[in-house]
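Work through the exercises below with the sequence and the 3D view at hand. Each task is followed by a stepwise solution.

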Amino acid sequence: MMQEFRRAKRRKAPDVILVTDAMTARVIGRVGNLSETGMLLIASEPFVEDALYQLSFTLPDAPDAPVEIGAHLLWLDDATLAGASWAGFRFIATTPSLAHRLQGWVNAPGSHYA
């Protein structure tokens with residue numbers, strides 16, 4: 001049995017949640033899983049390792065309230081899909097209210113944990 005070492009519980013994205021680079025307004029991928037402290041992005045665009053990004057995405061339960069957050073790219077790995085990669089981000093400079101909102105989404109009834 002594998003043991004989980006992450007500090008924050010993660011939720012798999014049940015639907016497609018597109019992620020936009022707020023600086024370029026380009027869709028850069030979709031959420032694979034999400035926690036209050038970071039995300040796995042299934043990326044469709046190239047990234048610079050160890051760089052900072054300003055990301056924007058909308059959670060299914062709040063389509064009128066996009067999440068805009070700074071994120072640090074921690075790692076990249078090739079995905080099984082041609083032309084895609086997995087990117088691990090840690091959120092930076094988040095507010096307590098946004099962390100609470102993300103935590104609420106992760107812990108919502110019917111969540112499937114990653």
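**Exercise 1.** What percentage of the 114 residues of the protein chain count as buried?

Solution. The model is a predicted one. A residue is called buried when its relative accessible area is under 20%. By that cut-off, 41% of the 114 residues in the protein chain are buried.

**Exercise 2.** Compare the radius of gyration of the protein chain with that of a compact globule.

Solution. Start from the chain length: for 114 residues, a compact globule would have a radius of gyration near 13 Å. The protein chain has 13 Å, so the value agrees with the globule rule. Next, take the box along the principal axes: the C-alpha atoms fill roughly 40 × 35 × 25 Å.

**Exercise 3.** List the elements of the protein chain in order, then find the pairing partners of strand 7.

Solution. First, count the elements: the protein chain has seven strands and one helix. From the N terminus, the order is β-β-β-β-β-β-β-α. Second, take strand 4 (residues 38–43), which pairs with strand 7 (residues 85–92) in the antiparallel sense over six bridges. Alanine 43 lies opposite serine 85 of strand 7. Third, take strand 6 (residues 67–78), which is also antiparallel to strand 7, over eight bridges. Here histidine 72 has arginine 90 in strand 7 as its bridge partner.

**Exercise 4.** How far apart are the mean positions of the positive and negative charges of the protein chain?

Solution. Take the 10 positive and the 12 negative charges as two groups. Their mean positions are 7 Å apart.

Note on methods
Residues are numbered from 1 along each chain as its sequence is written. This is a predicted model: local features need pLDDT of at least 70, side-chain atom pairs count only at pLDDT 80 or more; totals for chains, interfaces and linings use all residues. Side-chain values use heavy atoms; hydrogens and water are left out. Helices (H or I, at least four residues) and strands (E, at least two) are DSSP runs, numbered from the N terminus. The radius of gyration is taken over C-alpha atoms; the globule rule is 2.2 Å times the number of residues to the power 0.38. Buried means under 20% relative accessible area, exposed over 50%, partly exposed in between (1.4 Å probe, protein chains only). Lys and Arg count as positive and Asp and Glu as negative; His and the chain ends are not counted. The place of a charge is taken as NZ of Lys, CZ of Arg, CG of Asp or CD of Glu. Two strands pair if DSSP finds at least two bridges between them.
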